[in-house]
Amino acid sequence: MVDMFKNKSDRQKYDREWKKRDYQKNNSKYRKLALERHHKLRRMTIDYYSNGTMRCACCGISEYKFLVIDHINGGGHKHVKQFRSRSAYISWFAKNNFPDGFQVLCYNCNCSKGYYGICPHQEMKQLSQEVKKELK
Ligand SMILES: [Zn+2]
Ligand SMILES: [Zn+2]
């Protein structure tokens, strides 16, 4: 048998590298699985709170990546802060049997609601309803 290593330290170095690579490989596999689980749960939660429509309750956009869970009566930041990760947060819904008080919004509508108290889409709706009333 031909030893491909010139000396012992080369062999140890090779072993170390190999272990490192193996660890990184497993680690990324684990991360991929964790991410898959996270998105499975996230999809399930968004599906539930959008009544199966997978759309923003405000503007109707259906791009999954834009969709977020909105705390209807506010307090979202405080709630999210209690969790050490996004996955822990998203798991909370299923663990608590999907409690009331949440809806699905897209990132834009959610931010506008947080910022201005109302999303411009809803403001426009209200305005057009007022105009319609006035015209009646
Ligand atoms: Zn929206
Ligand atoms: Zn909106």
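Helices α1 and α3 cross in a left-handed way, meaning that the near helix is turned anticlockwise from the far one by less than a right angle. Helices here are DSSP runs (H or I, at least four residues), strands are runs of E with at least two, and both are numbered from the N terminus. This is a predicted model, where local features need pLDDT of at least 70, side-chain atom pairs count only at pLDDT 80 or more, and totals for chains, interfaces and linings use all residues. Residues are numbered from 1 along each chain as its sequence is written, while chains are lettered from A and ligands numbered from 1 in the order in which they are written.

Back to that crossing. The axes of α1 (residues 8-49) and α3 (residues 86-95) come within 9 Å, at an angle of roughly 40°. Axes are lines fitted to C-alpha atoms, for helices over the stretch in contact, with angles from 0 to 180 degrees between N-to-C directions. The pair is therefore oblique, since angles under 35 degrees count as roughly parallel, over 145 as roughly antiparallel, 65 to 115 as roughly perpendicular and the rest as oblique. On the α1 side, the contact involves Ala 34, His 38, Leu 41, Arg 42, Met 44 and Thr 45, and these meet Arg 86, Ser 87, Ile 90, Ser 91, Phe 93 and Ala 94 of α3. Contact means C-beta atoms, placed from the backbone, within 7 Å.

Now for α4 (residues 107-116), where Cys 109, Asn 110, Ser 112 and Lys 113 are buried. A residue is buried with 20 or more other C-beta atoms within 10 Å of its own, exposed with 12 or fewer, and partly exposed in between, with C-beta atoms placed from the backbone. What covers these buried residues includes β1 (67-71), β2 (102-106) and α5 (120-135).

What does Cys 59 touch, leaving out residues up to four places away in sequence? Its partners are Cys 106, Cys 109 and His 121. Cys 59 sits in the loop between α1 and β1 and is partly exposed, with 17 C-beta neighbours inside 10 Å.

Most residues other than glycine have a negative phi. Asn 51, however, has a positive phi near 55°; Asn 51 is in the loop between α1 and β1 and is exposed, with 11 other C-beta atoms within 10 Å. Phe 98 also has a positive phi, near 45°, and lies in the loop between α3 and β2.

Technical notes
Contact = placed C-beta atoms within 7 Å.
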